[in-house]
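Please look at the sequence and the structure shown below. The report then goes through salt bridges, a surface patch and model confidence.

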Amino acid sequence: MSSRRGRITDEEINELISKLQALLPESSRGRAASRSSASKLLKETCSYIKSLHREVDDLSGRLSELMSTMDNNSPQAEIIRSLLR
């Protein structure tokens with residue numbers, strides 16, 4: 001980043017936008033690649049992050065349900081615990 005009193009150059013913004021586009025799934029990248037506004041890209045990124053949070057919550061709930069049905073001393077439970085470490 002630029003050291004000039006916190007100012008960021010257009011070139012740095014474009015580089016950051018490109019890096020952010022690369023983190024989005026293919027479907028979003030295709031739309032964003034058409035040189036959409038930074039605002040639109042940020043909105044798409046926020047939406048994607050929210051969907052990832054929902055997915056993590058869902059998987060966490062499913063894992064909790066699975067663990068509650070298992071014997072805590074079973075080999076399967078130990079495998080799951082080792083994967084979570």
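Helix H4 (residues 75-84) holds both glutamate 78 and arginine 81, which are 3 residues apart, about one turn of the helix. Helices (H or I, at least four residues) are DSSP runs, numbered from the N terminus. The model is predicted: local features need pLDDT of at least 70, side-chain atom pairs count only at pLDDT 80 or more, and totals for chains, interfaces and linings use all residues. Residues are numbered from 1 along each chain as its sequence is written, and side-chain values use heavy atoms, with hydrogens and water left out.

Glutamate 78 and arginine 81 form a salt bridge, with their closest N and O atoms 3.2 Å apart. A salt bridge here is a side-chain nitrogen of Lys or Arg within 4 Å of a carboxyl oxygen of Asp or Glu. Glutamate 78 also forms a salt bridge with arginine 85, where the closest N and O atoms are 3.2 Å apart. Through shared partners, salt bridges join Glu78, Arg81 and Arg85 into one network.

How exposed is each member of this network? Glutamate 78 is partly exposed, at 34% relative accessibility, and arginine 81 is partly exposed at 27%. Arginine 85 counts as exposed because its relative accessibility is 70%. Buried means under 20% relative accessible area, exposed over 50%, and partly exposed in between (1.4 Å probe, protein chains only).

## A charged pair in helix H1

The whole structure has 4 salt bridges. One of them links glutamate 15 and lysine 19, with the closest N and O atoms 3.3 Å apart. These two residues are separated by about one helical turn because they are 4 residues apart in helix H1. Glutamate 15 is partly exposed at 44% relative accessibility, and lysine 19 is partly exposed with a relative accessible area of 48%.

## A nonpolar patch

Ile8, Ile13 and Leu16 make a nonpolar surface patch of about 200 Å². Patches are made of residues with over 30% relative accessible area and no salt bridge; like charges are joined within 9 Å, and nonpolar side chains (Val, Leu, Ile, Met, Phe, Trp, Tyr) within 5 Å. Isoleucine 13 lies in helix H1 (residues 10-23) and is partly exposed, at 32% relative accessibility.

## Confidence

The protein chain has an average pLDDT of 84, and 84% of the residues score at least 70. This score is the predictor's confidence in each residue, from 0 to 100. Confidence is highest in helix H3 (residues 38-68), at a mean of 92, and lowest in helix H2 (residues 26-32), at 60. Where pLDDT is low, the predicted coordinates should not be read in detail.

Definitions and conventions:
Areas by Shrake-Rupley, 256 points an atom, 1.4 Å probe, with all protein chains shown as cover.
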